[in-house]
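Here are my notes for a first look. Have the structure open beside you and follow the points in order.

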Amino acid sequence: MRITYHGHSCFLIETTGHRLLIDPFISGNPLATARADSIECDFILLSHGHDDHTLDALPIAKRCGATIVAAFELAEYLGAQGATVHDMNPGGARDFPFGRLKLTPAIHSSSTGGGQNPVYLGQPCGLLLKADGKTVYHAGDTALFSDMQLIARGGIDLAMLPIGDNYTMGIDDAVDALGFLKPALAVPMHYNTFPPIQTDPAKFVAKAAAAGFKARAMAIGETIGI
Ligand code: NI
Ligand code: MN
């Protein structure tokens, strides 16, 4: 399995035979190195409806013929705009051509638009993917919560965790999350894209190591294999 970081909370996961794009926010991210109008994928997995996770989902899904998998309200919202979608909700898992995906709880919100009339888009989620014999947990945007211990049943090979604080866990809570999740490897996400989430991922890596966990910050555009 190959994992490429495209900035913020966006990752491309390449399994044997399928390309899964998580939380595409590329065209709106000045730090991104990929192009939303040329990236290729077969499925798009969305953690929740905030624009910094969904901005490019609809055009990429339509161009690639990719299926969007998301929580019920978010999937319905994008389906009504012409995307092929599959709707789920937290606690539910399903066997897809690429492997098994479960939506997990996340403590956050989920909406689009702002001002006086935000559109609420159901439950925010994490993504628990089993494919190619590996288990990958993308926490989405979330606070720390002790039920991460339940998500970790069966073991986690790779965990992507937000560290930017303000909207999600900060570094210290993300390190405590490692105590619940015990992943073989953790990768930080959701930092430095906007002023309120400026932080130093090296501090997360160092504090994770001090707690006995392996973490590494991926450069934007970098690919790793697990
Ligand atoms: Ni969010
Ligand atoms: Mn976010």
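1. A quick word on terms: a residue is called buried under 20% relative accessible area, exposed over 50%, and partly exposed in between. Glu40, with a relative accessibility of 40%, therefore counts as partly exposed. Keep in mind throughout that this is a predicted model.

2. Let's start at the nickel ion (ligand 1). Which residues coordinate the nickel ion? They are His48 (NE2), His50 (ND1), His108 (NE2) and Asp141 (OD), at 2.2 to 2.3 Å. Along the sequence these donor residues follow the spacing H-x1-H-x57-H-x32-D. The four donor atoms subtend angles of 89 to 178° around the nickel ion (ligand 1), and that makes the arrangement irregular.

3. Are they buried or exposed? His108 is partly exposed, at a relative accessible area of 24%, whereas Asp141 is buried, at 2%.

4. The manganese ion (ligand 2) has Asp52 (OD), His53 (NE2), Asp141 (OD) and His190 (NE2) as its coordinating residues, at 2.1 to 2.2 Å. Their spacing along the chain reads D-H-x87-D-x48-H. You'll have spotted Asp141 again: Asp141 bridges the nickel ion (ligand 1) and the manganese ion (ligand 2), and the two ions lie 3.0 Å apart.

5. Where does His190 come from? The loop between strand E14 (185–189) and helix H6 (201–210) holds His190, and the loop between E12 and H4 holds Asp141; the two residues are 49 residues apart, and the pair links distant parts of the chain. His190 is buried, with a relative accessible area of 1%.

6. Back to strand E8, for its neighbours. Strand E7 (residues 93–96) pairs with E8 in the antiparallel sense over four bridges, and a hairpin of two residues connects E7 to E8. To find your way along this pairing, look for Ala93, which stands opposite Lys102 in E8. E8 also runs antiparallel to strand E11 (residues 125–131), with six bridges joining them. There, Pro105 stands opposite Cys125 in E11.

7. On to the charged side chains. How many salt bridges does a search of the whole structure find? It finds seven. One of them brings together the side chains of Asp42 and Arg19, at 3.1 Å from N to O. Arg19 is in strand E3 and Asp42 is in the loop between strand E3 (19–22) and strand E4 (43–45), so to speak a link between distant parts of the chain, 23 residues apart. Both partners count as partly exposed: Asp42 has 25% relative accessibility and Arg19 has 31%.

8. A further salt bridge joins Arg63 and Glu40, whose closest N and O atoms are 3.4 Å apart. Arg63 is in helix H2 (residues 57–64) and Glu40 is in the loop between E3 and E4, so this pair ties together parts that are 23 residues apart in sequence. Arg63 is partly exposed, with a relative accessible area of 36%, and Glu40 from the opening point is partly exposed too, at 40%.

9. There is also a salt bridge between the side chains of Asp95 and Arg100, at 3.1 Å from N to O. Asp95 counts as exposed, at 56% relative accessibility, whereas Arg100 counts as partly exposed, at 36%.

10. Last, the cysteines. The sulfur atoms of a disulfide would have to be within 2.5 Å, and the count here comes to zero disulfides. For Cys10, the nearest cysteine sulfur is that of Cys41, 9.1 Å away. Cys41 in turn has the sulfur of Cys64 as its nearest, at 4.6 Å, and is in no disulfide. Cys10 counts as buried, at 0% relative accessibility, and Cys41 counts as buried at 1%.

Methods: Residues are numbered from 1 along each chain as its sequence is written. Chains are lettered from A and ligands numbered from 1 in the order in which they are written. This is a predicted model: local features need pLDDT of at least 70, side-chain atom pairs count only at pLDDT 80 or more; totals for chains, interfaces and linings use all residues. Side-chain values use heavy atoms; hydrogens and water are left out. Donors are N, O and S atoms within 2.8 Å of the metal (3.2 Å for Na, K and Ca); water is not among the atoms, so sites may look incomplete. Four donors count as tetrahedral if all angles lie between 85 and 135 degrees; four count as square planar and six as octahedral if opposite donors are over 155 degrees apart and all others between 65 and 115; anything else is irregular. Buried means under 20% relative accessible area, exposed over 50%, partly exposed in between (1.4 Å probe, protein chains only). Two strands pair if DSSP finds at least two bridges between them. A salt bridge is a side-chain nitrogen of Lys or Arg within 4 Å of a carboxyl oxygen of Asp or Glu.
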